[in-house]
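Welcome! Here is a friendly first briefing to read alongside the sequence and the 3D view.

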There are 2 protein chains.
Amino acid sequence: MKKHNIILQPSGRRGQVEQGQSIRSAARDLGVEIESICAENATCGKCLVLIEEGRFEKYDIESKREHLSPPTPEETAYFARRPRLLKEKGWELGQVRLSCQCRVQGDVLIHVPEESRGNKQIVRKTARERAIEIKPSIRKYLVELNPPNLVRPLADWERLAKGLETSMGLVRRGESNLPRWFELSIDYPCLRTLSATLRAAKWKVTVSVWQDREVIDVQPGYAEDSYGAAVDIGSTTIALYLCNLRTGELVAAESEMNPQIVYGEDVMSRIQYTIEHKDGLGKLHKAVISTLNKLLKLAARTAGIKTEEILEVVLVGNSTMHHLVLNLPPRDLGLAPFVPAIHASMDVKARELGLGINPCGNVHVLPTIASFVGADTSAMIMAEEPHNQDENWLLIDVGTNAELVLGNRRRLVCTSTPTGPALEGAHVEYGMRAAPGAIERVQIDERTLEPRYKIVGEEAWNTGKAKGICGSAIIDAVAELYRTGIVDSRGKFKPGLDSKRIRESGNGWEYVIAWAEETSIGRDIPMTQQDVRQIQLAKAALFVAARTLLKRSNLQNPDKIILAGGFGSYIDKEKAMLIGLIPDCELERVFAVGNAAGDGARIALLNLEKRREIDSVTRKVERFELPTDPEFQNQFMLATSFPHMSEPFEHVAHLIPHRKADPMAKNFMK
Amino acid sequence: MKKHNIILQPSGRRGQVEQGQSIRSAARDLGVEIESICAENATCGKCLVLIEEGRFEKYDIESKREHLSPPTPEETAYFARRPRLLKEKGWELGQVRLSCQCRVQGDVLIHVPEESRGNKQIVRKTARERAIEIKPSIRKYLVELNPPNLVRPLADWERLAKGLETSMGLVRRGESNLPRWFELSIDYPCLRTLSATLRAAKWKVTVSVWQDREVIDVQPGYAEDSYGAAVDIGSTTIALYLCNLRTGELVAAESEMNPQIVYGEDVMSRIQYTIEHKDGLGKLHKAVISTLNKLLKLAARTAGIKTEEILEVVLVGNSTMHHLVLNLPPRDLGLAPFVPAIHASMDVKARELGLGINPCGNVHVLPTIASFVGADTSAMIMAEEPHNQDENWLLIDVGTNAELVLGNRRRLVCTSTPTGPALEGAHVEYGMRAAPGAIERVQIDERTLEPRYKIVGEEAWNTGKAKGICGSAIIDAVAELYRTGIVDSRGKFKPGLDSKRIRESGNGWEYVIAWAEETSIGRDIPMTQQDVRQIQLAKAALFVAARTLLKRSNLQNPDKIILAGGFGSYIDKEKAMLIGLIPDCELERVFAVGNAAGDGARIALLNLEKRREIDSVTRKVERFELPTDPEFQNQFMLATSFPHMSEPFEHVAHLIPHRKADPMAKNFMK
């Protein structure tokens, strides 16, 4: 029986499947549960998957088709009945398939969208097991009122508020002689429709009360559920999670590229855009709002609800994303002394931002800590809770910029540092994303100096045709070049080593990982001196930032390291520690927790007390801006060295075959 | 030297002026101060007056011109320099004049707009002398901040809030371990411009804080004054008073017809319009908002400020006006059991209503008491303060509908009753408004049954040519017909009286006040049986309402009667009491206080504590809906009688020459 390779994203599960097996069945064999409530009859559409194959830059529909069975008549009928589904999602026919119908006939890379995943969790478990207590900011109360009459003609709002006093179990406060319901208010748009709703509902309504003080929705009769959206606004991707606020259940998840990317790749260029262009801020603001509205609509459709039933949105994002979504000028985030407009968390009415949810719904934005330590870091702290620990934890969120938080219940310190895009595979000569053809693992034999490599989509090492190197292999390669002595502790290729893979090209020295004939691009794929240098710079930035926080806290090393974001999920933590990308720590105490910011946003959405907790925690976080003086620059340059040939990190010492004193590194480590 | 008559509105001052005297000079002689700061050089425009002559229905510019000198070259130049002034005010050239330039050459009726009046008062003194303490909801604080630096990079808002803590003298509260400024917030649009303002102002700003808790404006440098507008939305007229919130000074006043009048004359027909027309509510709402915006612009221009400097608006009006300006459906105000959407006072952001003031400004709407006892009554209570008295006061605001409030510091009761338009001169055959040619006073000799009358604009009685009868003369005439025995206590003309003025026409009996040759219309001007009936119905409504409140309060008569609105200002209180239009009371304890609702709005604008006081008072006011059962209808019909032939009101008994038992009336009075 012929077998094919299948990779399931975003989990990264991979394996061999038999010719003709359905994707859904194959996924289950690999431990990935895909939803279905129609017994695989192609009617429920819960098992939708996206076929992702080939490089991101070029999407080859033709080659993809032959690796999968053509759509069945049932499947074709399913999509024919939903002509707007594909259009709204921006999908092409053929790209999206029903995994119960579609059979594997070749190697495939499949993306299982969040809404199709089985075994949904309220909040993805991170390193520490945790259940989120559902204590949302919005509670619903059924209120049955006596209609007014000529003897008791109390106004509609006062009548409702009195009824709520009973339903909410409000009690008179000690000092006040006012009824407790006088402290309730009703949001203006809700008041506008109150009289008509009460009468249409024959005086029996379900009232949504925000933070036990403001009525934001009145629905006729009995209604149980309301919904909220947690949104993580990344510079590159916007992810939205729609949750049932009563059960905590995730009812839809949608994501989309951040449309601001056309105005600038990174945050600095977007800040620059707002400074240099008339109404630049307005454009960037409207771009993100219109994408949020699109995602809200899609999620509501998926969940089978109206957008008016969405009563709250929680937003997280770095300080620039925070300012842009709030339409706050981000100019001073990018100019010394780098201050945000506001640290505090905010509640803004969705209508003020033009967000298409219930008109009385609120948008809660998590607090910012500093210009480069934003609401995403607050969310990460919320998700991981270092402030509730006795141990000292180091949280690192790596992107183009890295944010670091260190400490425990007594003290938290934080900083940020630009790491550049090298760690994500950019600015590296043959860098590419983790897709079929990408080298994802590299090992070098320390005696022969010959490499082994593994390509995404291949089970065995040294098989398949390479197209480039993805982020994890770049770190692998640098670590291996160093471990095997091909480069020295300063990152320089050592002269005189006996290997044809080590050669001098027009741009300096390089080490060839794959020869041209092993590739699908017909060129040698090397790691260059320049590539090593890029990683050294990124590594130095992270190292100095972590070291600064540790010194400030009088700590040698953290008790635990938590790597947030995609970065942490694909790198080999041993290799990362070997080159000093992360500080020394027991390897089994280094955890990758995925999108901690998104988790934090969901926690904030579902638990009002946690919002108050993070407000209080972020007020006390001490932040250090890394200095920029020449003395510090010197330290930074020293830190580009791989410092542990003489004094290796204890927990990776066994990997290092030869130790040679490196006085520069030693100086810095002290 | 030739002399002419001049009447100055709205004060009603009148007198004779010499040919060629300027209006401003003539006004001063009559005790009406008109502003001027250019020493009568026709450059400041502070002395603008409106020439009002002839009937309301038809504006006769031609006849007006000849009674005044033509515009001087200076005056013409003044208006030529302000081409938009007339257009914006809706005035015609010739209708508006500079009173320092314009000389009297004939009889004239002049309106002195509020902004031209000298001796401005913060709040017009009412019956009781009162000074308004200026305690506005908005306070300004100068804050000087240290700019952020790399060592202290606190965010802009937190930096400002900390600075405000010092400027405001906020102190840490006993229990909380949070700085007091954590309880401050900043309105979202203000946050949007905060960073740029702070930097442009070099960190020295004046901050406007609403109710000591929300920052609503940040201005560069030192700024002293902010402004607020008090608005009385009448069914017919909208009056706006722009005040300096620091000094309480009235800096501009504007008024305009309520544009909703095209959708219905009275509140019931406007309510009906919202029910019967698609988006009827939206139309009525937009109409009043656009007029408010026009008045705000005009007032700001007059005061020489920007509309952005207006930081708060206080609105009062009857419940229907209240609902329409807030865009709340008024349907249930007009349908039994007649309930408003809300009683409580409200603060709504001006931007939610589309009001063109500072985007962070609030609109404060006074509380409503019942469907027909609206925010205008709350404002009247606020202005007159019966709740702070030991005596029992009766407040009556008469329009098409009358609202009555009775009581003292221990208890207030209120009700409302439809009085019809007769008291305002409408639905009376020769009724007209108080303008030249209107009979304004009537006396009848009880022996000869011959009348005397006085015409508006005439000094002497029985001179001039009559055009019709205005409201005050209608009440005079009914009272005199009754006092002289021409009509009986049931309002019926008595047969067999010897006077050619009493005659039967096609429509029943009538009494001729002016023969055709004494009029400018060439027809006899009579009071008809029908006219008397109209007044009886209005009088019965008021009488029953007042009697009901008195009975509920176990009172025989009030200690003081306060007549609010235009009605009270022009009637002869003795005559009104004679026919039982107002209850028995010492005549010198009956006061006309003019626009008490407008006064109340200004008090609310200038004094936050008074707002809280009226919130508390209106919650405790007991309201009685007058019943509609047949028994009550019977009582009402009895009350149409003039009840005091047998037992006249003590304080007008001396006016009544003959007393004859009237058993019906007697029954009712017990």
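Predicted model: local features only at pLDDT ≥ 70, side-chain atom pairs only at ≥ 80, totals over all residues.

Residues are numbered from 1 along each chain as its sequence is written, chains are lettered from A and ligands numbered from 1 in the order in which they are written, and side-chain values use heavy atoms, leaving out hydrogens and water.

**How the two chains are related**

- Two copies of a chain are related by a rotation about an axis and a shift along it.

**Where the chains meet**

- Chain A gives 38 residues to the contact and chain B gives 38 residues, where contact means heavy atoms within 4.5 Å.
- Because 100% of the interface residues of chain A are also interface residues in chain B, the copies meet through the same surface.
- Between them, chain A and chain B bury about 3,600 Å², 62% of it on carbon and sulfur atoms (the accessible area, with a 1.4 Å probe, that two parts lose on being put together, summed over both).

**Salt bridges**

- Over all chains, the whole structure has 64 salt bridges, each a side-chain nitrogen of Lys or Arg within 4 Å of a carboxyl oxygen of Asp or Glu.
- Four salt bridges are counted between chain A and chain B.
- A:Arg351 pairs with B:Glu352 in a salt bridge, with the closest N and O atoms 2.5 Å apart.
- A:Glu352 and B:Arg351 also form a salt bridge, at 2.5 Å from N to O.
- This pair crosses between chains, from helix α10 (residues 350-353) of chain A, which holds A:Glu352, to helix α10 (residues 350-353) of chain B, which holds B:Arg351. Helices (H or I, at least four residues) and strands (E, at least two) are DSSP runs, numbered from the N terminus.

**Two helix pairs in chain B**

- Helix α7 (residues 267-276) of chain B packs with helix α8 (residues 280-303) of chain B at about 130°, their axes 6 Å apart. Axes are lines fitted to C-alpha atoms, for helices over the stretch in contact, and angles run from 0 to 180 degrees between N-to-C directions.
- That makes α7(B) oblique to α8(B) (under 35 degrees counts as roughly parallel, over 145 as roughly antiparallel, 65 to 115 as roughly perpendicular and the rest as oblique).
- Helix α11 (residues 375-384) of chain B and helix α16 (residues 596-606) of chain B cross at roughly 75°, and their axes come within 7 Å.
- That makes α11(B) roughly perpendicular to α16(B).

**Backbone details**

- The peptide bond from A:Ala336 to A:Pro337 is cis, with omega near 5°, and A:Pro337 sits in the loop between α9 (319-325) and β14 (346-349) of chain A.
- In chain B, a cis peptide bond joins B:Ala336 and B:Pro337, with omega about 5°.
- B:Asn327, a residue other than glycine, has a positive phi near 65° and is found in the loop between α9 and β14 of chain B.
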